[in-house]
Amino acid sequence: MLRQRKHKKTGKAMSDIHPSSALQLVSIKRPFRWHIVVFMAPALLVYTAIMILPLIETLRLSFYNTVDGAQSFVGFANYQVLFGDVRWARDFWNALTNNLIFFAIHMCVQNPIGIALAALLSLPKLRFAAFYRTAIFLPTLLSFVIVGFIWKLILSPIWGVAPWLMSLAGAKWLFAPWLGQSGPALIAVSLISVWQYVGIPMMLIYAALLSIPEEVVEAAECDGITGWSQFWKIKLPLILPAIGIISILTFVGNFNAFDLVYTVQGALAGPDMSTDILGTLLYRTFFGFQLQLGDRSMGATIAAVMFVIILAGVSFYLFAIQRRMRRYQF
Amino acid sequence: MNSLLKTILLATTVLASAGAASAADVTLNIESWRNDDLAIWKEKLIPAFEAKNPGIKLNFSPTAPTEYNASLNAKLDAGSAGDIITCRPFDASLELFNKKQLVDLTSLSGMSNFSPVAKAAWSTDDGKSTFCVPMASVIHGFIYNKDAFDQLKIAVPKTNEEFYAALDKIKADGTFIPLAMGTKDLWEAATMGYQNIGPNYWKGEEGRKALIEGKQKLTDPEWVKPYEELAKWKPYLGDGFEAQTYADSQNLFTLGRAAIFPAGSWEIALFTSQAQFKMGAFPPPVLKAGETGYISDHPDIGVGLNTKSKHPEEAKKFLTWVASPEFAEIYANSLPGFFSLNSSPVKMADPMAQEFVSWREKYKPTVRSTYQILSRGTPNLENETWVESANVINGTDTPAVAAEKLQKGLDSWYKPGK
């Protein structure tokens, strides 16, 4: 700040300083800071090799296709097929819609529950807080294969625990083979995913809540703001940046999701494609499935579209939301 | 996935060089996805071959079934694949042949032991060149709980009418679930349902060829009727069949909770080892008594020769042996349910396997309708058939709507006669 002002030719501060000292400041010669390059190089190289190059290659591949046995540049033809061909477009929009529902369920269920759990955990009088914290976070550490398998068994109409437990409560009539019904299957899979990942928003919010200084809370208490209104009026505004981060993590995670749907519902994301999301559509297209051979160009096209969607979402967040968010410093 | 591939590649190269260093014998490496068969190869097939062919050693190196196609393609492209390639039926192998990665075996002595239907799965579309020796096929039908049938005094159904009468009786009794089938895994409904009973309606090869030639459409009654039958199965399936997986169906049957299992012959070995009751099998029931029946006798495994093999002569010796009745007998008896495609009949010890294979005499065999040519494009007819078969049973789509969807999908890329 100081230096900037000194460089300005006009302005009142300038006249007070001797011209020669300003000249001196400009002509200081700094040695080239090699250490920056050295320290950044490994990360930059690794990141370029495993992230940037494949990304560029994928984007490039989406403009190529096999024509008469040879790979050649086709411009936007692949995109035209994806959005123009009735069946490709139907599959794509179906996957995108399902993905949006998948995301919406996470935003409406996972994150509020995560925030609520964090708020409960940060209550100073809560006993066994460490136990709850660990227990709720544990599923996040499990492999999606295990989670998928466990829930398939729990919800199985034949051997499952769910129908039995519900019959104990006299609610057997409420049970249905959800994973096999085209309406509820997507909701069921989303909720399994919520169950697995609810620990992440909980932990982040919990950390944010802990970082609120005691003085602020005490000051609020002096002003007579306690309980729920304290949460809404004092704590929530302070953890908003953390909630923003969680939202964007959920968004990126959900639009890249594939694993859980694949383990629970298979690559065809049944029944009747009702749980097909962009990740499974990409997998089937790129690698092929059963008798269908993989189509790398169309796969790359779908991957590129996914990249654009995620990029758009993240940019929207960064430029439209994060900049307007009010931050407090203590 | 990539690292796994690399380990496989590394392991095979190390193994191959170790084998070459230890003996002056020629070692042939066999690529396969049948890791379930490792013991049978090691204990029975390899010793039998090596005893007769001194100087040739065999090394059976299987990959996990789901990884096989990807890893094989990578190895073939890199030139590090084994000498002998186990062939998937139809297009997957045809593509390898077109890429000149499989040797044309049309003139191999021993090929004459196979019928054209058996060879069709590994021949070019015009049938002129064959590139894999047919090894085994699987037959569709129904496996039933004999004790349950005796208990309820049900005779083995021969016609469609008897089939539903039997189902009604089992359902009325209530002890058993009439049909052990679920729609969760989709392919069960298509493979064990549609492809199982379908050939009786589209008259086997006749209908399948007409479909490929464009003379019939999936919306024709021959192709819609099987869906109508499948829709009728719904009330006979177990509670919550929509979420019942293939493994669930297998368990329901082997635990004795279900009476009939729409099956493929590959179940024989597992069922015989797990079920505590007597079992039998019957072919898909015909529409009217006395009518010609059709069965799906689907080629599943073949073996071919890698173009880049360094020992093509020895490899051909091995392939000729695979085409011989001797191999057929060892193989079919070690793996009941995988039937030799050899024209000379094979004696099998397993009674249920005998039952399945005996249908070949009275019934006309055909292969699964979606496998040849029709699943080459996008949308893929086989995958769509999985989805629609499940939809029809679940009641999501009516048979007519399902057929229309399939035909529309096929029309979008397949132009018959071109």
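Where is Leu186(B) found? Leu186(B) lies in the loop between strand 5 (177-179) and helix 8 (187-197) of chain B, and a legend below returns to this residue.

The legends describe a predicted model, in which local features need pLDDT of at least 70, side-chain atom pairs count only at pLDDT 80 or more, and totals for chains, interfaces and linings use all residues. Residues are numbered from 1 along each chain as its sequence is written, while chains are lettered from A and ligands numbered from 1 in the order in which they are written.

**View 1. Chain B as a whole.** Chain B has 18 helices and 10 strands; helices (H or I, at least four residues) and strands (E, at least two) are DSSP runs, numbered from the N terminus. The radius of gyration of chain B is 22 Å, close to the 22 Å that the globule rule gives for 418 residues, so chain B is as compact as a globular protein of that length. That radius is taken over C-alpha atoms, and the globule rule is 2.2 Å times the number of residues to the power 0.38. The C-alpha trace of chain B spans about 70 × 50 × 45 Å along its principal axes. Of its 418 residues, 50% count as buried. A residue is buried if 20 or more other C-beta atoms lie within 10 Å of its own, exposed if 12 or fewer, and partly exposed in between, with C-beta atoms placed from the backbone.

**View 2. Chain A as a whole.** Chain A contains 16 helices and 4 strands. Its radius of gyration is 27 Å, well over the 20 Å that the globule rule gives for 330 residues, so chain A is more spread out than a compact globule. Along the principal axes, the C-alpha trace of chain A spans about 90 × 70 × 35 Å. Buried residues make up 27% of the 330 residues in chain A.

**View 3. The contact of chain A with chain B.** Chain B gives 28 residues to this contact and chain A gives 22 residues; two residues are in contact if their C-beta atoms, placed from the backbone, lie within 7 Å. On the side of chain B that touches chain A, the elements that give two or more residues are helix 12 (246-254) and helix 17 (381-394) of chain B. Helix 17 of chain B supplies the largest share of that side, 7 residues. By class, the side of chain B that touches chain A has 8 nonpolar, 13 polar and 7 charged residues. Here Ala, Val, Leu, Ile, Met, Phe, Trp, Tyr, Cys and Pro count as nonpolar, Asp, Glu, Lys and Arg as charged, and the others, Gly among them, as polar.

**View 4. The two domains of chain B.** Chain B is divided into domain 1 (2-134 + 301-345) and domain 2 (139-296 + 368-411), with bounds from an automatic or database domain assignment. The C-alpha centres of these two domains lie 32 Å apart. Their contact takes 10 residues from domain 1 of chain B and 11 residues from domain 2 of chain B. The side of domain 1 that touches domain 2 has 7 nonpolar, 1 polar and 2 charged residues.

**View 5. The largest nonpolar core.** This core has 151 residues, and those with the most contacts inside it are Leu179(B), Ala180(B), Ala258(B), Val303(B) and Leu319(B). A nonpolar core is a set of buried Ala, Val, Leu, Ile, Met, Phe, Trp, Tyr and Cys residues joined through C-beta atoms within 7 Å. Strand 4 (residues 132-145) of chain B gives the most to this core, with 9 residues. Domain 1 and domain 2 of chain B both give residues to this core, so it lies between them. Not counting residues up to four places away in sequence, Leu319(B) touches Leu105(B), Leu108(B), Val133(B), Val303(B) and Leu305(B).

View 6. Phi of Leu186(B) is near 60°, a positive value in a residue other than glycine. Leu186(B) counts as buried, with 26 C-beta neighbours inside 10 Å. Lys153(B), also not a glycine, has a positive phi of about 55°. Lys153(B) sits in the loop between helix 6 (146-151) and helix 7 (160-173) of chain B and is exposed, with 7 other C-beta atoms within 10 Å.

View 7. Thr378(B) and Pro379(B) are joined by a cis peptide bond, with omega about 0°. Pro379(B) is in the loop between strand 10 (364-366) and helix 17 of chain B. Trp413(B), in the segment after helix 18 (399-411) of chain B, touches Gly377(B) and Thr378(B), not counting residues up to four places away in sequence. Trp413(B) counts as partly exposed, with 14 C-beta neighbours inside 10 Å.
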